[in-house]
Amino acid sequence: MALLTDLINLNLSDTTEQIIAEYIWCLLEWFMERDSLFLMWVYGRPYGRAYFGSSFLDLYYFLVVDRIGGSGLDIRSKARTLPGPVTDPSKLPKWNYDGSSTGQAPGDDSEVILYPQAIFKDPFRRGNNILVICDCYTPAGVPIPTNKRYNAAKVFSHPDVAIEEPWYGIEQEYTLLQKDVKWPLGWPVGGFPGPQGPYYCSVGADKSFGRDIVDAHYKACLYAGIQISGINGEVMPGQWEFQVGPAVGISSGDQVWAARYILERITEIAGVVVSFDPKPIQGDWNGAGAHTNYSTKSMRNDGGYEVIKAAIEKLGKKHKEHIAAYGEGNERRLTGRHETADINTFLWGVANRGASIRVGRETEQNGKGYFEDRRPASNMDPYVVTSMIAETTILWKP
């Protein structure tokens, strides 16, 4: 094993200018009938069919998140050799993968095209090697119907949005599970720990479970160039959180996806499963969210508190639309208990963690700052959530 470790940690820059680029993409397997009809137009037929619960649904696309599997997010990647270091994603070659092997393209037209969009340093191979966040297109260059990054980039490139320089800070919660039993790390198999209370931001072997994974992830993200701003243990034992931001516009989504990929790789090494399910354990246990902190230049400037209140009013008028896009299974989490507002109710307040939108006490006192949207689930798509908040608060004219 020592030799294997030595080979994994080889420094390629000692012997070659070539580098390894890991192209990363994600799959989404929750489908909508209108999107499958679009693909029938693109490819002449849907990609395939799958059985979910009591009905068949069309399989059709390659994109940003597959909620089937251990983590709830099926992130894929493959590596290629490049002749030398690259720092600009536009200088990277496009690539493809076999969509028929993932049930997302017919065998006689199986290629789905990867467009490189963001580069991060590779904390696993190190040196000049890189991680590459990609989005996906048909061979004809048409963005896949649910290519959420493509639509988000359009929102963030709008002049009215760009001039406001929207900042995001995303609090990504997740749960670590024992691999063979899919039960939270540190919990007795088939049983339960003591009730919630002593675990939030705790220390000690009887209260904090998985810190080695969390710290490894923290440092790996910093190495990669992700704007990870902190970590903490959460209310439910075995549950943790990392924060990404403040990051501007589309970069926020790129960084959250890269951080999720790195976490998946580290838990793979550790033999632990990471879950992004918004309510992994039913009962009197906290769920997992992705609280999204947000501000615009107008909100950060003097008089910004009035801009914040106007933005919150807009969000309230589109509550149902946002909830529908804020993650799968969120109704199990947003119950009005465990620091959440009921999914059918929109309310906001200062320092209120039982609200849909929380405004910090400091923001109220300063008359400017940011607010926190507490509704997004832990399995949300950051491209969807960040662009939707910007579109509603900046572009939408009710």
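This is a predicted model: local features need pLDDT of at least 70, side-chain atom pairs count only at pLDDT 80 or more; totals for chains, interfaces and linings use all residues.
1. Cys 26 is an example: the nearest cysteine sulfur belongs to Cys 136 and lies 8.2 Å away.

2. Cysteines and burial. Cys 26 is buried, with a relative accessible area of 5%. Cys 221 is buried too, and its relative accessible area is 0%. Cys 221 is part of helix α5, the topic of the next points.

3. The length of α5. This helix runs over residues 211-224, which makes 14 residues. From first C-alpha to last, α5 reaches 20 Å, close to the 20 Å expected at 1.5 Å a residue.

4. Which residues of α5 are buried? They are Ile 213, Val 214, His 217, Ala 220, Cys 221 and Ala 224. These residues lie on the same side of α5, because they cover an arc of only 130° around the axis. The spacing follows a general rule: an α-helix has 3.6 residues a turn, so residues three or four places apart point the same way. On the other side of α5, Asp 212 and Lys 219 are exposed.

5. What covers the buried side. The buried residues of α5 are covered by several elements, including the strands β6 (111-121), β8 (167-178), β10 (228-233), β11 (239-248) and β12 (272-275). Helix α6 (250-270) is also among them.

Key
Residues are numbered from 1 along each chain as its sequence is written. Side-chain values use heavy atoms; hydrogens and water are left out. A disulfide is a pair of cysteine sulfur atoms within 2.5 Å. Buried means under 20% relative accessible area, exposed over 50%, partly exposed in between (1.4 Å probe, protein chains only). Helices (H or I, at least four residues) and strands (E, at least two) are DSSP runs, numbered from the N terminus. The expected span of a helix is 1.5 Å times one less than its number of residues. The arc is that of the directions from the helix axis to the C-beta atoms. Contact means heavy atoms within 4.5 Å.
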